[in-house]
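Keep the model open while you read, and find each residue as it comes up.

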Amino acid sequence: MDLGGTNLRILRVRVVDGNLEVLNAESTPITTEIKQGTGERLFDHIAARLGDFPVPQDLQGETLPLGFAFSFPCEQNQIDQSILIRWTKGFNCSRVEGKDVVTLLREAIQRTRNMNYNIGPVVIVNDTVGAMMSCGYNNPSCEIGMIIGTGTNACYMEEMRNVRRVEGEEGRMCINTEWGGFGDDGSLKDIQTEFDVKVDETSINPSVHIFEKMISGMYLGEIVRLLLVRLAEDNLLFRGRTWQALRTPFTFETKFISEIEEQDDGLVNTRRILTELGLERELVDCAVVRLVCETISSRAADLCAAALATIVNRIRTNRGLSHLNTTVGVDGTVYRRHPKLSSRLQEKVVELAPMCDITFFDTDDASGKGAAMAAAVVQRLARQ
Ligand code: GLC
């Protein structure tokens, strides 16, 4: 199961000899009412979706292990326990912060009466860890997981001797960086624009996850909209007119950026989107809108590249290597759907980390599949 920022995805998978096969999958959006309601309502909703999920006859009454990609900052001391530190990505469900998410899920499963199978051991991972795990299975050199979707984040394998909070010097351990929270101490002030400041101030979690608010799918469309309003106010766009639609927060969706930047000489997509939004435009306006989208998405790619370059350079110097070959497992709609962001990011990382060769590997449902992998491993260890 994968609770990202926008949808809840449930997959039934079979892991045999290291091969993972998705047997069926379902996705449901998480509405704003649920995102901002009580924790009980959120977990009842999740339990109800697990209950509705079709399982074949031969599995009814059986106990299935559950891999849960829960994509929020948590304090995790055990594989089946994860305490939510704080919500991000527009979630603000009451009475969940400071609590163990697996316990809340189990309590909700007990409340629901419509399950025709049982949930056995629950293994909880961050979505970045899921992305790294699912990529790592086929690519042993994968030691980084990255998400650019509704939110953005990365995890990587760190040397134990550098992990001060855990005893032991041997081996490696996966660190969830929560890089979305970079800048929360004011360190990004120099590069934040007035649009970034506005996006942050009007969000439900001001001053939190500043870096994420400059990069991820939840915010990119809104940054573009604010920039367009400013250009119109300065008489540089739409002959100085700002319509109600343009003034309404979140009317410019992040997916429009991807559509506008598709290979499209006649600016057909841009014209269509502006028309659908009810904005009267000339051809020059379309070109400006496209330029704004390109500017904002390239900046997002560059910022992610900078963060990723920091990680690969760190891994390289930690190991005293002059050259590092590594693989990154990636997931997230922005990375996967935007026509240019991934290539821009990859080019930029080469520039910023010239002594590292990085292979990027993205797959459908990487986070959910990786969570399933983790659950399969734990199940196998328990049997042994
Ligand atoms: C947010 C969450 C983080 C998650 C990321 C991508 O930044 O805090 O845990 O990995 O979004 O979904």
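## A loop residue to start with

N205 has a relative accessibility of 13%, so N205 counts as buried. Here, buried means under 20% relative accessible area, exposed means over 50%, and partly exposed is in between (1.4 Å probe, protein chains only). You'll find N205 in the loop between α5 and α6. Helices (H or I, at least four residues) and strands (E, at least two) are DSSP runs, numbered from the N terminus. Now look for T88: N205 and T88 are 117 residues apart in sequence, but their C-alpha atoms are 7.5 Å apart in space.

Some housekeeping: this is a predicted model, where local features need pLDDT of at least 70, side-chain atom pairs count only at pLDDT 80 or more, and totals for chains, interfaces and linings use all residues. Residues are numbered from 1 along each chain as its sequence is written, and side-chain values use heavy atoms, with hydrogens and water left out.

## Rings that meet

How many aromatic pairs does a search of the whole structure find? The search finds ten. Rings of Phe, Tyr and Trp (its six-membered ring) pair if their centres lie within 6.5 Å; planes under 30 degrees apart count as stacked, over 60 as edge-to-face and the rest as tilted. Take F70 and F72: their ring centres are 5.0 Å apart and their planes sit at 55°, so this pair is tilted.

F70 is buried, because its relative accessibility is 1%. F72 also has a relative accessible area of 1%, so F72 is buried. Both belong to one aromatic cluster, made up of F68, F70, F72, W87 and F91.

## Around the ligand

K89 turns up again at the ligand. Of the 15 residues around the ligand, K89, N126, D127, E178 and E212 come nearest; a residue is near if one of its heavy atoms lies within 4 Å. By class, this shell has three nonpolar, eight polar and four charged residues. Ala, Val, Leu, Ile, Met, Phe, Trp, Tyr, Cys and Pro count as nonpolar, Asp, Glu, Lys and Arg as charged, and the others, Gly among them, as polar. Both α4 (127-138) and β9 (152-159) supply at least two residues of the shell.

Next, zoom in on the polar contacts, which are pairs of N or O atoms within 3.5 Å. A polar side-chain atom of K89 is 2.9 Å from a ligand oxygen, and one from E178 is 2.5 Å from a ligand oxygen. For E212, an N or O atom in the side chain is 2.4 Å from an oxygen atom of the ligand. Taken alone the ligand exposes 310 Å², and the protein buries 98% of that (areas come from the Shrake-Rupley method with a 1.4 Å probe).

Most residues other than glycine have a negative phi. H209 isn't a glycine, yet its phi is positive, at about 60°. H209 is in the loop between α5 (194-201) and α6 (217-233), and its relative accessible area of 2% means that H209 is buried.

F238 also has a positive phi without being a glycine, at about 50°. F238 is in the loop between α6 and α7 (244-247). Is F238 buried or exposed? F238 is buried, because its relative accessibility is 2%.

## Out in other loops

P140 lies in the loop between α4 and β8 (142-148). At 78% relative accessibility, P140 is exposed. H323, in the loop between α10 (283-318) and β11 (324-331), is partly exposed at 38%. H323 and E276 are 47 residues apart in sequence and 50 Å apart in space, C-alpha to C-alpha.

Note on methods:
A polar contact is a pair of N or O atoms within 3.5 Å; within protein, one must be able to donate a hydrogen and the other to accept it, and residues adjacent in sequence count only if both atoms are side-chain atoms.
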